[in-house]
Amino acid sequence: MQQIALVTTVVCLAAGLAGGLVLARLRGRSTAVLVVVASLVPLAAVSLAVLVNVRRMFISAHDSTVVSVALGCAGVIGVLLSLVLGRQVASEATALRNSLRSLGAPASADQEPHTHGVSSEFAELGRELESTRRRLAASERRERALESSRRELVAFMSHDLRTPLAGLRALAEGLEDGVIEPEPALRQMRQTVGRLDGLVGDLFELSRVSAPEAGTRDDAALVSLVEVAHDVVSELQQHAEQRRVGLRLQVAGDGDRLAVTGNGDELTRLLGNLVGNAVRHTSEGGSVVVRAERCPDGRTQVSVEDECGGIAEPDLHRVFEAGWRADPERSGRDAGAGLGLAIAKGIAESHAGSISVANVDGGCRFDVALPAATVS
């Protein structure tokens with residue numbers, strides 16, 4: 001028995017060493033070949049050990065034949081199964097390589113990774129690759145949208161800057177030639193410079209609130225949205241009266257100041273942009289309603305509802321894009337630079353809040369929701 005164990009050990013070690021040497025020589029070859037060799041080495045080791053021990057035990061010719069036939073059948077089955085396994089591994093590796101090559105290609109909405117008949121590990125890897133490809137495609141679409149938005153912003157800002165600059169040049173040339181009166185020309189130049197200064201200020205504010213670090217605040221304090229709404233409505237009341245537009249404030253809750261944590265000046269600008277837009281786009285005889293209330297989820301909310309006639313449904317998702325305007329041809333002092341809503345969105349998000357727009361009967365409504373502050 002000890003001799004049989006010793007012979008079996010020696011034969012198996014020799015076969016294993018030979019198989020290892022073969023695998024080392026085949027390094028860099030097809031995975032299918034390596035799988036076949038790795039599968040056949042244990043089979044060869046067992047077959048050799050059995051044959052050697054059969055000869056040493058001097059068993060009958062009949063028994064020796066039976067063992068040899070059994071080993072032969074097992075060898076054939078082992079070779080076939082190793083070939084099948086090697087081919088499957090090679091096929092799955094090819095599919096994985098194709099998936100890697102197609103990472104940069106756009107993925108169709110109904111495209112699914114091929115997982116039928118594939119091992120669980122390769123199937124999971126294929127699903128991960130497909131998910132990665134979808135994320136890359138979505139990121140590329142977002143990048144294209146941002147690039148398109150940047151181009152539109154540059155075009156809009158170029159127009160908004162070129163028009164007042166051309167006016168200033170005409171006024172300067174008129175003053176130089178003595179064809180216009182100095183006093184009205186200087187007044188007009190002062191107003192134009194004021195509009196340019198406001199445009200540059202809006203661009204700076206948009207850049208600031210859109211920065212990644214805008215959400216990290218070191219100037220946060222308790223701010224009452226009710227007081228902010230009162231201040232904004234009071235400030236714009238005269239402007240609304242001049243346009244014959246009704247402007248009123250509604251506060252839900254008895255004595256609730258709707259406190260939030262943030263920067264009071266920024267929140268005032270956010271609401272001022274929304275109310276100013278609403279008053280400017282509401283027709284004469286219409287009304288603008290500002291509502292301050294607490295949401296069912298505990299957040300505080302300020303809504304601005306106007307009677308502007310509504311926004312075209314295809315344009316609703318673009319109203320917060322910098323430089324976008326419903327009428328690209330509209331310009332002038334009353335048209336604005338198309339940055340107010342983008343700035344409002346940046347301020348809301350920098351305060352961990354959200355802003356949305358929806359059409360209502362006769363106009364649209366902007367909702368700003370902010371986390372409620374914990375007042376001790």
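Buried here means under 20% relative accessible area, exposed means over 50%, and partly exposed sits in between (1.4 Å probe, protein chains only). Helices (H or I, at least four residues) and strands (E, at least two) are DSSP runs, numbered from the N terminus.

This is a predicted model, in which local features need pLDDT of at least 70 and side-chain atom pairs count only at pLDDT 80 or more, while totals for chains, interfaces and linings use all residues. Residues are numbered from 1 along each chain as its sequence is written, and side-chain values use heavy atoms, with hydrogens and water left out.

**A covered helix**

Let's start with helix α8, residues 340-350: it's mostly covered, with eight of its eleven residues buried. Those are L341, A342, I343, A344, G346, I347, A348 and S350. What does the covering? The cover over the buried residues of α8 includes α5, α7 (264-281), β6 (354-360) and β7 (363-370), with contact meaning heavy atoms within 4.5 Å. After α8 comes A352, and its phi is positive, near 60°.

Now for the strands. Five of them make an open sheet with mixed pairing, in the order β2-β4-β5-β7-β6. β2 (246-251) and β6 are the edge strands, each pairing on one side only. On average, neighbouring strands of this sheet are turned by 15° against each other, direction ignored. Two strands pair if DSSP finds at least two bridges between them. Here are two of the pairings:

| Strand pair | Bridges | Sense | Residues facing each other |
|---|---|---|---|
| β5 (300-305) and β7 | six | antiparallel | S303 and D367 |
| β6 and β7 | seven | antiparallel | I355 and V368 |

β6 and β7 also form a hairpin with two residues between them, and G362 in that turn has a positive phi of about 85°.

Two helices lie across these strands. α7 goes across β2, β4 (287-294), β5, β6 and β7, at about 25° to β5. α8 lies across β6 and β7, running at about 135° to β6. For these angles, axes are lines fitted to C-alpha atoms, for helices over the stretch in contact, and the angles run from 0 to 180 degrees between N-to-C directions.

**A closer look at T192**

T192 has its place in helix α5, residues 182-209. Is T192 buried or exposed? It counts as buried because its relative accessible area is 4%. Leaving out residues up to four places away in sequence, T192 touches P164 and L168. The T192 side chain also reaches the backbone oxygen of Q188 at 2.9 Å.

Terms used
Polar contact = N/O pair within 3.5 Å; in protein donor to acceptor, adjacent residues only side chain to side chain.
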